Amino acid sequence: MNLNCPKHIADMLFESGIIGRNTYQQVSNKLHMQMISSDGSLRVFFRIIEKGVSLCVGVSPLEAQGLHLEEASSAISIGRHLYSKKIPVPQILAANKQTGVILFEDCGDTRLYDIIKESREQGDELKEKAEDLYQKTIQKLVHMQIEGANAFDTSWCYDTPEYNLEVMVKKESEYFLRAFWCELLKEEKPSGVSEEFGEIAANAALGLPLFFLHRDFQCRNIMVVDFEVKFIDFQGGRLGPPGYDLASLLIDPYSMLDESTRNQYLQLYLNELHNCIEYREDIFLKQYSYLVLQRNLQIIGAFAFLYKTREKIFFKKYIKPALENLSSILQAKEFHQYRNLRAIVDKAASRINHYL
């Protein structure tokens with residue numbers, strides 16, 4: 001495969017109909033395709049291998065139409081934009097907007113998630129490595145948020161151009177209520193909670209101007225290559241408040257950082273942001289607390305949906321820790337007024353073992 005001009009491979013792969021057919025299969029006389037786990041995505045991931053060496057990683061939609069194709073188009077446009085801003089994302093080597101097939105540089109198999117997991121099993125040396133990687137991640141996150149917003153074209157976004165009140169309520173709060181409370185726990189929607197969701201979202205919207213927002217910035221979407229980080233899964237990117245991606249990283253159920261570590265990384269982020277822009281820290285922190293709550297609701301809704309509806313067992317073990325985290329968040333004084341939501345979470349905590 002000639003990586004100086006690989007577009008014909010992207011075209012051929014989709015048109016041949018072989019994507020996703022088998023775990024390992026021949027593409028041509030020299031090339032093979034090896035499938036890669038897709039986590040919760042409906043897309044297909046694979047490697048193109050020549051003589052035992054990976055040439056690139058491919059991503060393909062299940063169908064070359066509708067939302068599947070729109071999501072792929074976003075990945076292409078946003079990926080090229082971020083790469084042009086020297087943000088650590090994999091380079092797009094080839095792409096076909098008609099089929100949605102994208103070939104990325106191969107960033108390997110090691111994620112920040114893997115380093116965290118190994119550090120807890122093997123001790124201090126890897127723990128220091130994980131801490132260093134978190135510091136690099138936070139520094140690069142600030143760079144991505146600021147530079148990614150520079151000349152960002154919202155027409156690239158397949159979902160919504162901004163993370164706004166409608167997204168917070170319909171795709172996070174109500175998602176939590178529907179997928180977790182109603183479908184997983186089989187409970188009826190209580191009165192008054194929708195009004196609380198609206199008020200929480202309104203507070204989460206009050207803060208700094210819009211930056212670039214990754215929207216799923218967690219340790220399984222951060223690759224580690226030669227002790228450097230690269231960010232993947234950015235196709236849901238749009239404009240939004242900077243605190244959301246930070247919240248995604250720090251309350252991530254996959255990493256389960258303790259409170260002291262979260263506070264340490266929060267301060268590191270604040271210092272890094274101060275080095276780049278002028279802002280009022282008190283306004284940022286007030287908005288941030290509500291964005292933490294919003295993100296936690298989204299996480300639980302997503303995990304419940306992936307486990308219950310898509311039958312992806314991997315996500316089952318993370319629902320309870322995410323719920324415990326939500327319960328802890330709601331202990332803060334500013335959230336005492338949300339009695340209906342607090343009642344839901346308390347009841348869910350007492351029943352969750354029955355459904356997992």
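View 1. Gly58 stands opposite Leu103 in E6. Strand E4 (residues 53-60) and E6 run antiparallel and are joined by three bridges; strands count as paired if DSSP finds at least two bridges between them. Strands (E, at least two residues) and helices (H or I, at least four) are DSSP runs, numbered from the N terminus. The model is predicted: local features need pLDDT of at least 70 and side-chain atom pairs count only at pLDDT 80 or more, while totals for chains, interfaces and linings use all residues. Residues are numbered from 1 along each chain as its sequence is written, and side-chain values use heavy atoms, with hydrogens and water left out.

**View 2. The hairpin of E5 and E6.** Strand E5 (residues 92-96) runs antiparallel to E6, with four bridges between them. Asn96 has Val101 as its bridge partner in E6. Four residues lie between the strands of this hairpin, and Gly100 takes a positive phi near 85°.

**View 3. The two faces of strand E6.** In a regular strand, side chains alternate between the two faces of the sheet. In E6 (residues 101-104), Val101 and Leu103 lie on one side and Ile102 and Phe104 on the other, all buried (under 20% relative accessible area, 1.4 Å probe, protein chains only).

**View 4. Helices H5 and H9.** The axes of H5 (residues 165-184) and H9 (residues 281-308) come within 8 Å and cross at roughly 45°; axes are lines fitted to C-alpha atoms over the stretch in contact, and angles run from 0 to 180 degrees between N-to-C directions. Contact means heavy atoms within 4.5 Å. Residues of H5 that meet H9 include Phe176 and Phe180, and those of H9 include Leu297 and Phe305.

Methods. Buried < 20%, exposed > 50% of the residue type's maximum accessible area, 1.4 Å probe, protein only.
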